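My plan was to go from the whole chain down to single residues, and to write down each look-up as I went.

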Amino acid sequence: MRKFFAGTALLAGAVFLTGTSCFAGSAKEAFPPSSKLLTAGSADIPTLEHQAEAGKAEAQYRLAVAYANGDGVIQDSAKAVEFYQKAADQGDVKAQSSLGFVYVSGKGVEQNYRKAAEFFQKAADQGNAEAQYNLGLLYEQGQGVPQSYPKAAEWYQKAADKNYSMAQSSLAVLCVDGKGVPQDYGKAATLLEKAAEQGNAEAQYNLAVLYAHGDGVNKDALKAKALLEKAKAQGNLQAQELLGLLAQEGKEPSQKSTNPEKMSSKEAKKEDVETQFNLALLYQNGDGVSQSYSKAADYYAKAAEKNYAPAQSNLGVLFATGKGVPQDKVKAVELFQKAAKQGNASAQYCLGTAYERGEGVTQNYDKALLYYKKAASQNLAVAEKALETLRKSHPELHH
């Protein structure tokens, strides 16, 4: 599986397809409560309070939503949790699913993935598609439940069968990777088609990648470009970058040279650091050119000199591993630090690893904790796991 995006290449080999890394809801927040999408409705607050006091689950749920959003009342996360809990105790599926979000986000309660899984499970067992998707995501990431790709695929499938686009998109990525399910590009394409038709930007991007490479579908540059344009219009950065790469590789209808070395100087100047970074990825992956870590390092270095954080981070990995350049862990750390200061999550994770292991720097668990936390705050799964492991092995660290 190939993903085209800065940073991830460091951790799992540069790949093009990208998987969902956040729970269902607003893309602007990592773990938004689903209640953010709802309001108290036409009923006034005193009426809801009276009905809730009488034990009506729907009123308790709607009152919880009101407190969660500050809709007609002063916003109060603790009050929201109280009423979600009352409704959930009566089997209200929406309240159960919302409590799952609450325990993931830690809003009004202490963050607790195990409890989140319990409430998602209750709602999922009642057939709630959003909860089924989120339970699948917990299994995929191993948060609150034992990590299990087969379980993740099972719950994604249940939600996908209900035409839930985020589940369709996530299941498609597992199909491409062959994780928890047999590798099946054809099934992945079918799932992505369904999600893309619903306007899912990630699915549009991933489906474009399949069309660009002819994986599971007939190779079609026009369809790939059209899908990328749709994803780009929704703010998908990967789509924006890949559109530039497709032009460089000659996969657009204009049929430019497929040799990245033969780009005109005008094109190279136009693309600037993004072009240099993309060319580095091509050489690192051997995608359309002969694989060359040294050429990849050259292009990363050019972009890194212009303070392009993704290139600094990726070049740091090459120095850390000695691929294409002499191994130099001190130099690697210097590059990670430059990228980390710009908020690059992968560089923050790699810097945390360096401090934990004492590679290129003096071993410092407090600094390792600091950088893992920074990367984890951007929902980098590998950083979240590293943070959890470090805390367990060194409980004396300041959290």
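**Overall picture**

I began with burial: 52% of the 399 residues in the protein are buried, where buried means under 20% relative accessible area, exposed over 50% and partly exposed in between, with a 1.4 Å probe and protein chains only. I kept in mind that this is a predicted model, where local features need pLDDT of at least 70 and side-chain atom pairs count only at pLDDT 80 or more, while totals for chains, interfaces and linings use all residues. Residues are numbered from 1 along each chain as its sequence is written, and side-chain values use heavy atoms, with hydrogens and water left out.

Next I looked up the secondary structure and found 20 helices and 0 strands. Both are DSSP runs numbered from the N terminus, with helices being H or I of at least four residues and strands E of at least two. I then checked contacts, meaning heavy atoms within 4.5 Å. Of the contacts in the protein with a separation of 6 or more, 49% join residues 24 or more positions apart.

**Two helix pairs**

I turned to helix H6 (residues 113–125) and helix H7 (residues 129–141), whose axes come within 8 Å and cross at roughly 140 degrees. Axes here are lines fitted to C-alpha atoms, for helices over the stretch in contact, and angles run from 0 to 180 degrees between N-to-C directions. The crossing of H6 and H7 is left-handed, that is, the near helix is turned anticlockwise from the far one by less than a right angle (clockwise would be right-handed). I listed who makes the contact: H6 brings residues including Tyr113, Phe120 and Gln121, and H7 brings others, among them Gln132, Asn134, Leu138 and Tyr139. These contact residues divide into 10 nonpolar, 3 polar and no charged. For the classes, Ala, Val, Leu, Ile, Met, Phe, Trp, Tyr, Cys and Pro count as nonpolar, Asp, Glu, Lys and Arg as charged, and the others, Gly among them, as polar.

The crossing of H15 and H16 is left-handed. Residues including Tyr293, Tyr300 and Ala304 in H15 meet residues including Gln312, Asn314 and Leu318 in H16.

**Cores and cysteines**

Which residues touch the most other members of the largest nonpolar core? Tyr84, Leu99, Phe120 and Tyr133 do, in a core of 77 residues. A nonpolar core is a set of buried Ala, Val, Leu, Ile, Met, Phe, Trp, Tyr and Cys residues joined through side-chain atoms within 4.5 Å. Helix H3 (residues 57–69) gives this core its largest share, 9 residues. I zoomed in on Leu99, which touches Val81, Tyr84, Gln85, Ala88 and Phe119, leaving out residues up to four places away in sequence. There is also a second, separate core of 47 residues, which includes Tyr283, Ala311, Ala354 and Val361.

I looked for disulfides, taken as pairs of cysteine sulfur atoms within 2.5 Å, and the count came to 0. Cys175 is buried at a relative accessible area of 1%, and Cys350 is buried at 11%.

**Single residues**

Asn163 has a positive phi near 65 degrees and sits in the loop between helix H8 (149–160) and helix H9 (165–177). Asn307 also has phi near 65 degrees, and its place is the loop between H15 and H16. Asn163 is partly exposed at 40% relative accessibility, and Asn307 is partly exposed at 44%.

Val181 lies in the loop between H9 and helix H10 (185–197). Is Val181 buried or exposed? Val181 is buried, with a relative accessible area of 19%. Beyond four places in sequence, Val181 touches Ala153, Leu174 and Cys175.

My last stop was Glu58 in helix H3, partly exposed at 38% relative accessibility. Glu58 and Lys94 are 36 residues apart in sequence and 9.1 Å apart in space, C-alpha to C-alpha. Not counting residues up to four places away in sequence, Glu58 touches Asp92 and Lys94.
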